[in-house]
Amino acid sequence: MSESDNLEELGREAIARVADAAKSSELDAIDTQYLGRKGALTLQLRKIGSLVPEQRKGFGQAVNDLKEEIQAAIRARREAIAGGETDARLAGEALDVTMPGRFYQIGRPHILAQTLSRIKDIFIRLGYDIVESPEVESYHYNFEALNYPLDHPAIDEQMSFYVTEDRLLRTHTTAYQHRQMEKRKPPIMVCTMGKCYRVEAVDATHGHTFHQVDCFCVDHGITMADLKGTLYQFAVEMFGPDTNVRFRPDFFPFVEPGAEVAVTCSICAGKGCNVCKGSGWLELAGAGMIHPNVLEGAGIDSEEYTGFAFGFGIERMPMVQHGIDDLRLFLDNDLRFLRQL
Ligand code: PHE
């Protein structure tokens, strides 16, 4: 075999190995093996001295050409491998934009909060000042200032949650009334809303925790007609234009006269159904003209001023509206229930 055949063979072998290399470290090894200081081609060059002079130039040229060819092949292969490695990395990092997204639950106000905020809007439009009031209340404001006789059963600790000897969880939002009367001068129009508590055996229609709204108004010449007009306006805005209001005598220590207020049943439009037990009416509120003892107790002259007050429970409204038959659902926080409203 001639020297040039030998060289060609070496070249083919080197180029083939470059083409097969899968990693740049393999190319480093090939580079060293053929082109390094003791590499195969370098050794070929050393042979040059043993050749006849007329062959030397051609052979040297051929070795150098081959060297460049191999170097170029290594360079090209190196770039291809690097490109492949980048492709593989990018493929690993790729986002599948067709993958279905994760569904995030969006919250919404609790049904009672929704109801309270509708009520609040109506009373703001009617000119009431909406105020905050404490849930832990003194015996004085919850009962005494509201003209409760000492032996009234509501005062009994069997019926109220006492925190200390003279502090309890308010049994009605009416407890805020005297606090406001002490702070303000007539004309007064205030409204409060929030949680109330009573000792009750819990079942579908009784709860120990419930919500109420209370409003009162004190000014010159306030009469029962103002009370009726206000509650009528509220009922129409809350339940619709065909709603009527019915007043019947009732007793509360802090009003005189006192009334129980009912509105047209919004389910059957007054025709009678199982929600209103065939009567066509839903009892909604307690109301009345503020008792002179209550006004006087707050330093308001009951000869000069009169006032009305009313208060009602909140739970009843969404129960009727959505056909909810168990009060406990409101406080259970079961999302299967809450998501429907
Ligand atoms: N506080 C009474 C109740 O809880 C309702 C009421 C409020 C009645 C204001 C008259 C006037 O039942």
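**Exercise 1.** Which residues of the largest nonpolar core touch the most other members?

*Solution.* The structure is a predicted model. Step 1: the core in question holds 43 residues. Step 2: among these, the most other members are touched by Ile 119, Phe 123, Val 213, Phe 234, Phe 310 and Phe 312. Step 3: helix H5, residues 111-125, supplies the largest share of this core, namely 6 residues. Step 4: another core lies apart from it and has 22 residues, including Ile 155, Met 181, Phe 216 and Ala 309. As a general background, nonpolar side chains in soluble globular proteins tend to be buried together.

**Exercise 2.** Determine which residues Phe 312 touches, leaving aside those up to four places away in sequence.

*Solution.* Step 1: a contact requires heavy atoms within 4.5 Å. Step 2: with that cut-off, Phe 312 touches Ile 119, Phe 123, His 211, Gln 212, Val 213, Phe 234, Leu 284, Ala 285 and Met 317.

**Exercise 3.** State how the chain is divided into domains, and how many Å separate their centres.

*Solution.* Step 1: domain 1 covers 3-93 and domain 2 covers 111-338. Step 2: taken over C-alpha atoms, the centres of domain 1 and domain 2 are separated by 96 Å.

Terms used. Residues numbered from 1 in each chain as written. Predicted model: local features only at pLDDT ≥ 70, side-chain atom pairs only at ≥ 80, totals over all residues. Heavy atoms only, no water. Core = buried A, V, L, I, M, F, W, Y, C linked by side-chain atoms within 4.5 Å. Buried < 20%, exposed > 50% of the residue type's maximum accessible area, 1.4 Å probe, protein only. Helix = DSSP H or I, 4+ residues; strand = E, 2+ residues; numbered from the N terminus. Domains from an automatic or database assignment.
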